[in-house]
Amino acid sequence: MSRNGRARRTPDCTAAGSRPRARSRAAADREAACERQRAEGAGQAFVIGVLTSPADFERARAWGLSDAPDHEQYLSETAELLSDARRRFDTVRARMFHPQDFAEFCLLHGLDPAEPAARDRYLVNPPLRTQLLAYQGEELAGDFVPRLVRARENGLTLRHADLLLDGRLHGERDDAVRDAHERGAEVFRRMLLGAGSGVYELRLSVEAPGGRLTAAARVLQWEDGVVRINDEDLELLCAVLCTGLARELPGLAVLHGAQGSAAACGEYRPTAWAWASEGRVWAPAEGSVRLDGVAAEPGYRLETVC
């Protein structure tokens, strides 16, 4: 998408993320398209789809997304393309290029998956915008690729939550949804505040029509209260909490990890707390619980945390 909100066509290089060493005619055409895009880059966004696994890379070969010999080389070339895009575009975003999702998208819209236009439409498809992540120079094969995978999973959960709220999660929120979102964010804040400094993971599950809504996030909280959490994970947690409260759905949350800090002589204590909700209020779980294989004891009362 361009900054002014108009859909812009992304050439093959943005869909495939490749820069082949042996330049075929098709590759040369894609590179030329890239150059035209770079000339127009000022004030616009660069969007790329990334094949995140060797299996996905092999499945996409038939569509001509890349001339790279293997997935490792593909990721290396994609990293170069992203670095170049950051120098030329104001905004660089990426999302997981999921072959099954793409094939179903093409079937639904009557598109040829081998055509660049089909990949362009798939990448900027508005219902999938929640899967986009801003790329800020991270190591592609390190933390960023797993984040792309989680972003797709999170995006599917967000779409489910939005459907349960009749489009009011990502559309115009009414007072009820806005209040539920604020209450959900406050629940999360009090869970962290009561835990104190440490390294944690929050796991959340809400029983909903059409299937369970789940969310998980790793959280680092410093002694001064500063919290580090990926933006997309925070968005998902608050959305699931909001949906549970707005629709009065039962849920379970477990916060577990290592409580403590380096300032306390490096003393860390393993902890695991659990809360449950009947739909309106989150309170300490009644007895020991287990969520996704993590055992936890009843947590502290959230209303006592300021």
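This is a predicted model: local features need pLDDT of at least 70, side-chain atom pairs count only at pLDDT 80 or more; totals for chains, interfaces and linings use all residues.

Visitor: Which way does strand 8 pair with strand 9?

Guide: In the antiparallel sense again, with 3 bridges; strand 9 is residues 282-284. Trp-275 stands opposite Pro-284 there.

Visitor: How many residues sit between the strands in that hairpin of strand 8 and strand 9?

Guide: There are 4, and Gly-279 takes a positive phi near 135 degrees in that hairpin.

Visitor: What about strand 8 and strand 11, parallel or antiparallel?

Guide: Parallel, over 2 bridges, with strand 11 running over residues 294-298. Ala-274 has Pro-298 of strand 11 as its bridge partner.

Visitor: Switching to helices. At what angle do helix 8 and helix 9 pack?

Guide: About 120 degrees, and their axes are 8 Å apart. Helix 8 is residues 175-195, and helix 9 is residues 231-247. The two are therefore oblique to each other.

Visitor: Is that crossing left-handed or right-handed?

Guide: Helix 8 passes helix 9 in a right-handed crossing.

Visitor: Which residues make the contact?

Guide: From helix 8, they include Val-177, Ala-180, His-181, Arg-183 and Phe-188. On the helix 9 side, Leu-234, Leu-237, Cys-238 and Leu-241 are among them.

Visitor: How do the residues of that contact divide into nonpolar, polar and charged?

Guide: For helix 8 with helix 9 you get 12 nonpolar, 2 polar and 1 charged.

Visitor: Now helix 4 and helix 7: how far apart are their axes?

Guide: 12 Å, with a packing angle of about 85 degrees. Helix 4 spans residues 71-88 and helix 7 spans residues 140-164.

Visitor: Why call helix 4 roughly perpendicular to helix 7?

Guide: Because angles from 65 to 115 degrees count as roughly perpendicular, and the angle here is about 85 degrees. That makes helix 4 roughly perpendicular to helix 7.

Visitor: What makes the contact there?

Guide: Leu-75, Thr-78, Ala-79 and Leu-82 of helix 4 meet Leu-140, Ala-141 and Val-145 of helix 7. By class, that contact has 6 nonpolar residues, 1 polar and no charged ones.

Technical notes. Residues are numbered from 1 along each chain as its sequence is written. Side-chain values use heavy atoms; hydrogens and water are left out. Axes are lines fitted to C-alpha atoms, for helices over the stretch in contact, and angles run from 0 to 180 degrees between N-to-C directions. Angles under 35 degrees count as roughly parallel, over 145 as roughly antiparallel, 65 to 115 as roughly perpendicular and the rest as oblique. A crossing is left-handed if the near helix is turned anticlockwise from the far one by less than a right angle, and right-handed if clockwise. Contact means heavy atoms within 4.5 Å. Ala, Val, Leu, Ile, Met, Phe, Trp, Tyr, Cys and Pro count as nonpolar, Asp, Glu, Lys and Arg as charged, and the others, Gly among them, as polar. Two strands pair if DSSP finds at least two bridges between them.
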